[in-house]
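This report covers helix packing, sheets, domains and the chain interface of one model. Please read it alongside the coordinates.

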Amino acid sequence: MPSLSGNNVPGLLKGFKLDLRVVSVISLVLFITIWESIIRAGLVAPLFLPAPSMIVNDFMRLYERGEIWFHISASARRVLIGFALAGSIAVPLGILLGASKFLKAVADPLLSILRPLPSMSWIPLSLLWLGITETQKYSIVFMGSFAPTVLYTIEATRSIDPVIIRAALNLGASRARLMREVILPGSLPMIVSGLKVMLGIAWTTVISAELVAADKGLGYLIMDGREFFRTEQVLLGMALISITVMTIDIAFRSVEKKIIPWMEG
Amino acid sequence: MANTVIQVNDLTKIFETKKEKVTALQDVNLTIKNREFVVLVGASGCGKTTLINTIAGFEKPTSGEVLLHGEPVTGIDPRCGMVFQQYALFDWKTVINNVDFGLKMKGMKLKERRELAQQYIDMVGLQGFENAYPSQLSGGMKQRVSLARTLANNPEIMLLDEPFAALDAMTRQVLQEELIRIYSESQKTILFITHSIDEALLLSTRVSVMTSRPGKIKQFLENDLPWPRDADVQLHPRYQELKSEVWSTVQEEVMKTAGLLGADKDKC
């Protein structure tokens with residue numbers, strides 16, 4: 001059947017179709033090449049913007065001294081400990097508050113006060129109480145992610161369609177069973193996506209805390225570079241943050257697929 | 001009457017919001033006998049769902065009562081198995097775990113409840129999909145799972161709230177015929193809600209028509225079409241008689257509502 005309609009257009013384009021991942025790689029390579037040549041041509045002083053090759057050199061310098069992993073793991077440990085502490089208290093608390101209107105009313109005013117506070121606003125107080133210690137870093141992450149995680153979890157338990165709850169009760173579920181078999185798994189996808197957002201925020205928090213006062217970590221690496229006019233070290237610190245957070249995000253996504261196998265895509 | 005399973009006496013349900021009171025049901029009386037297949041027809045928004053929800057114990061009456069074997073319904077009663085229009089499946093459970101949910105709640109052992117669940121999965125024609133998640137199924141398959149889940153729990157009464165309304169016409173017909181078969185083979189009493197007169201006549205042993213705002217039961221009609229039934233029953237001469245009888249009542253109601261609301265496009 002001859003067809004003059006638009007459906008042969010994709011066929012025509014097929015020959016030109018590129019793998020989009022190739023496009024992305026070319027885009028990245030192009031960006032780095034242009035950046036490098038601008039610096040090499042002397043258009044911008046390396047003090048203001050070092051070339052990518054200088055950042056790589058700095059990476060090698062610190063790598064040989066074993067400092068790269070040292071700083072990454074310092075920051076990562078702070079994030080994970082603070083975040084795990086906040087999550088392991090905030091998620092069960094949120095589920096409890098989601099199930100009880102009375103307890104929610106008790107906790108509501110406090111949570112409402114805590115939620116709008118940016119985690120960075122806790123830095124002065126935490127330094128006063130705990131000094132420049134690891135505990136201070138954990139506490140910053142904890143305070144930054146606790147209230148939002150509680151509220152997120154409450155919302156997640158509320159998001160379950162009431163018809164599903166009726167169906168479970170109609171099939172003979174007790175209150176305890178309803179909690180375990182329906183409310184908990186039903187709110188899990190939203191809780192996990194909330195945790196994913198919170199994990200990103202926890203990183204921001206730790207870096208800020210390290211920029212203010214720390215003796216190690218990626219934030220410290222940046223501040224240290226700034227102090228000695230080592231701009232390449234500043235940029236290296238930034239690049240390492242970006243790569244670390246991306247890696248953790250990918251890892252989190254694969255964990256997500258394992259614990260929520262019923263979600264598609 | 002020992003034969004009576006569900007008795008609804010002068011049931012009134014008023015929903016109160018801050019601004020207004022809505023009378024969803026007014027003085028509804030309904031008696032359903034053992035093994036009856038009663039289909040309740042009414043336009044959208046006439047309170048059918050409120051009635052079935054009150055019988056299931058999801059809603060409390062404002063006044064009047066619902067009796068189950070002569071005793072008032074005070075809460076959700078697993079003797080009345082509900083099938084919802086929106087399927088209400090547990091998305092995080094596989095098909096077989098959905099179907100055996102009620103049995104699990106009863107404390108039945110894994111092996112036993114798996115065997116039983118498998119029977120009902122076979123019954124609704126879903127063999128091979130035991131380990132699929134609801135998100136991987138079509139609407140018709142989801143409603144089959146929902147039917148199997150309710151049937152596996154072996155309720156004495158089945159309440160179906162527009163279960164096939166969201167399905168395409170062909171899937172709907174297949175499932176209607178399956179429901180007829182299930183009804184013929186099981187010993188269940190069924191209350192089924194729909195806005196389709198054709199569906200009501202195809203399935204029921206008795207049709208009742210509900211009025212709109214406030215919902216009242218306006219007409220009872222014995223459906224004496226011959227059994228066993230399938231879609232061909234529509235060719236029976238008696239079918240047209242019954243249909244026009246129901247339609248005249250429904251039409252009056254739709255007109256009334258349409259007059260009140262301006263443009264109500266309820267189809268029947």
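H4(B) passes H5(B) in a right-handed crossing. A crossing is right-handed if the near helix is turned clockwise from the far one by less than a right angle, and left-handed if anticlockwise. This is a predicted model: local features need pLDDT of at least 70, side-chain atom pairs count only at pLDDT 80 or more, and totals for chains, interfaces and linings use all residues. Residues are numbered from 1 along each chain as its sequence is written, while chains are lettered from A and ligands numbered from 1 in the order in which they are written.

**Helix pair**

Two packed helices are described by the angle between their axes and the distance between the axes. Here the helices are H4 (residues 110-123) and H5 (residues 139-152) of chain B; their axes come within 9 Å and cross at roughly 140°. Axes are lines fitted to C-alpha atoms, for helices over the stretch in contact, and angles run from 0 to 180 degrees between N-to-C directions. H4(B) and H5(B) are therefore oblique to each other. Angles under 35 degrees count as roughly parallel, over 145 as roughly antiparallel, 65 to 115 as roughly perpendicular and the rest as oblique.

Which residues make the contact? H4(B) brings B:Leu116, B:Ala117, B:Tyr120, B:Ile121 and B:Met123; H5(B) brings B:Ala148, B:Leu151 and B:Ala152. Two residues are in contact if their C-beta atoms, placed from the backbone, lie within 7 Å. By class, this contact has eight nonpolar, no polar and no charged residues. Ala, Val, Leu, Ile, Met, Phe, Trp, Tyr, Cys and Pro count as nonpolar, Asp, Glu, Lys and Arg as charged, and the others, Gly among them, as polar.

**Sheets of chain B**

Helices (H or I, at least four residues) and strands (E, at least two) are DSSP runs, numbered from the N terminus. Two strands pair if DSSP finds at least two bridges between them.

One open sheet has six strands in the order E6-E7-E8-E3-E9-E10, with mixed pairing. Its edge strands are E6 (80-83) and E10 (217-222). The twist averages 15° from one strand to the next.

Another open sheet has four strands, ordered E2-E1-E4-E5, with antiparallel pairing. Its edges are E2 and E5 (71-72). Helix H1 (residues 48-56) packs on this sheet and touches E1, E2 and E4 (63-68); the direction of H1 makes about 120° with that of E1(B). E1(B) and E2(B) form a hairpin with four residues between them.

| Pair (chain B) | Sense | Bridges |
|---|---|---|
| E3 (residues 37-41) and E8 (residues 189-194) | parallel | five |
| E1 (residues 4-16) and E2 (residues 21-33) | antiparallel | nine |

B:Phe37 has B:Ile190 in E8(B) as its bridge partner. B:Glu16 has B:Lys21 in E2(B).

**Domains and interface**

Chain B is divided into domain 1 (4-79 + 159-261) and domain 2 (90-154). The bounds come from an automatic or database domain assignment. The domain centres, taken over C-alpha atoms, are separated by 26 Å. Domain 1 gives nine residues to the contact and domain 2 gives six. On the domain 1 side there are seven nonpolar, one polar and one charged residues.

Between chains, 15 residues of chain A are in contact with 19 of chain B. H8 (162-170) and H9 (175-212) of chain A each supply at least two residues of the chain A side. H8(A) gives the most, with six residues. The chain A side divides into nine nonpolar, three polar and three charged residues.
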